[in-house]
Amino acid sequence: MTPPVAATTRPHDPHQLGRGHKHGEPHGHATGHGEGGPASKRISTAYGFWIFLLSDFIIFAGFFAAYAVLRDNSAGGPVIRDIVDPARVAWQTALLLLSSFVAGLGSLAAARKKLWLTEAALLVTGLLGAGFLLLEVTEFAQLVREGAGPDRSAFLSSFFALVGCHGLHVSVGLLWLGTMMAQIWAKGFRADIQRRLLCFNLFWHALDIIWVAIFTMVYLMGTLA
Amino acid sequence: MSEHTGHHERDEATDDRDIAPGDEAEQDSLGAGVTGYVVGLVLAGGLTAASFLVLRSSIIWPPAIPAALIALAIAQMGVHLVFFLHITTGPDNTNNVLALAFGVLVVGLVLLGSMWIMAHLSHQAMPMGEAMQHFR
């Protein structure tokens with residue numbers, strides 16, 4: 001005798017913890033707030049990653065607060081106005097924004113399981129991100145060469161910590177991006193690979209949001225000070 | 001209705017009540033998806049250009065420029081959230097927006113709280129020379 005199974009495509013929920021029935025069906029025992037069965041794995045995975053990104057924003061808030069507090073403590077060394085190169089910041093901003101845009105187009109290609117389009121979009125996303133990173137490394141190297149490294153003053157410590165933390169995130173994102181290209185190539189558009197790609201895209205777009213705050217608060221406001 | 005289209009990952013992406021952050025509610029047409037990203041790119045690019053132009057032109061009263069830059073930055077973050085991360089105010093996004101609201105609250109507390117208390121401290125602090133004489 002087979003036990004009666006609910007006529008849904010969702011997995012059976014023996015403890016009725018979740019939202020054990022769909023709309024239009026009679027209410028079961030689980031008549032709490034969330035009806036309709038447990039959320040899909042795609043939703044809970046991306047939601048968890050969204051919580052992580054928000055906690056990452058809070059980490060950045062700490063670095064931003066340190067920078068805001070220490071900005072004027074230049075110990076007789078260079079101030080922010082001396083080290084800003086507006087043209088480079090404009091290029092960095094353009095590269096990262098375009099990178100985010102192409103990543104979005106890649107997510108559309110991935111949803112339609114277009115292998116070559118997805119790989120190409122990821123490659124362009126990565127190249128634009130690498131271009132951004134190259135400009136940042138150039139800036140840091142130049143500053144250190146001029147004796148304006150993170151050990152020069154409290155202002156420069158907080159500057160390198162904040163901008164460097166963002167650059168570190170971009171570097172990790174590039175590693176992740178390469179891994180995703182390999183995984184899509186080797187494993188195809190499985191549901192778990194699609195979830196990873198969704199999380200990667202969230203991560204990459206979030207980095208651009210942080211960069212908006214950095215180029216406004218550090219670089220553009222720095223040219224005013 | 002979308003449950004039995006034979007398109008498996010669409011089923012996973014669509015739920016009666018919720019949507020994953022980063023997913024769009026309607027992603028059936030490729031054109032609509034591309035249009036969304038293009039609109040986001042144009043708006044974000046325009047706001048970025050406006051930020052850089054505000055510094056160079058004299059259309060804004062100089063003491064108001066920081067406020068203008070902050071307003072432009074917040075607007076651009078909103079554009080990114082809506083057009084790139086697809087965080088909307090729709091009923092299927094309630095959880096995502098609530099989490100975001102809490103994140104913004106904590107970010108605001110950390111940032112504004114630090115600046116407030118440190119400005120207050122440095123206002124209260126004695127200059128170093130005076131302090132040395134005081135403790136001598």
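Me: How many residues of chain A are in contact with chain B, and how many of chain B with chain A?

Reply: This is a predicted model, where local features need pLDDT of at least 70 and side-chain atom pairs count only at pLDDT 80 or more, while totals for chains, interfaces and linings use all residues. Residues are numbered from 1 along each chain as its sequence is written, and chains are lettered from A and ligands numbered from 1 in the order in which they are written. Two residues are in contact if their C-beta atoms, placed from the backbone, lie within 7 Å. Counted that way, the numbers are 46 residues of chain A and 47 residues of chain B.

Me: Which helix of chain A gives the most to the side that touches chain B?

Reply: Helices here are DSSP runs (H or I, at least four residues; strands are E, at least two), numbered from the N terminus. Helix 1 (41-70), helix 3 (86-111) and helix 6 (191-224) of chain A each supply at least two residues of that side. The biggest giver, with 16 residues, is helix 1 of chain A.

Me: And how many residues on that side of chain A are charged?

Reply: Nonpolar means Ala, Val, Leu, Ile, Met, Phe, Trp, Tyr, Cys and Pro, charged means Asp, Glu, Lys and Arg, and the others, Gly among them, are polar. The side of chain A that touches chain B has 29 nonpolar and 13 polar residues. The charged ones number 4.

Me: How many helices are in chain B?

Reply: Chain A has 6 helices and 0 strands. Chain B has 0 strands too, and its pattern along the sequence is α-α-α-α-α. So, going by the DSSP runs, the helix count for chain B is 5.

Me: What share of chain B counts as buried?

Reply: A residue is buried if 20 or more other C-beta atoms lie within 10 Å of its own, exposed if 12 or fewer, and partly exposed in between, with C-beta atoms placed from the backbone. In chain A, 41% of the 225 residues are buried. In chain B, which has 136 residues, the buried share is 21%.

Me: Which residue of chain B does Phe64(A) touch?

Reply: Leave out residues up to four places away in sequence, and Phe64(A) has Leu162(A), Ala213(A) and Met217(A) among its partners. The one from chain B is Leu111(B).

Me: Are helix 1 of chain A and helix 4 of chain B roughly parallel or antiparallel?

Reply: Axes are lines fitted to C-alpha atoms, for helices over the stretch in contact, and angles run from 0 to 180 degrees between N-to-C directions. These two helices pack at about 15°, with axes 9 Å apart. Angles under 35 degrees count as roughly parallel, over 145 as roughly antiparallel, 65 to 115 as roughly perpendicular and the rest as oblique. Helix 1 of chain A and helix 4 of chain B are therefore roughly parallel.

Me: How many charged residues are in the contact of helix 2 with helix 3 of chain B?

Reply: The axes of these helices come within 9 Å and cross at roughly 170°, so the pair is roughly antiparallel. Leu43(B) and Leu47(B) are among the residues in helix 2 of chain B that meet helix 3 of chain B, whose side includes Leu72(B) and Phe83(B). By class there are 17 nonpolar and 6 polar residues, and the charged count is no residues.

Me: Where is Lys113(A), whose phi is positive?

Reply: Most residues other than glycine have a negative phi. Lys113(A) has phi near 60°, and with 13 C-beta neighbours inside 10 Å it counts as partly exposed. Its place is the loop between helix 3 and helix 4 of chain A.

Me: Is Ala75(A) buried or exposed?

Reply: Ala75(A) is found in the loop between helix 1 and helix 2 (80-83) of chain A, and its phi is near 50°, a positive value. With 10 other C-beta atoms within 10 Å, Ala75(A) is exposed.
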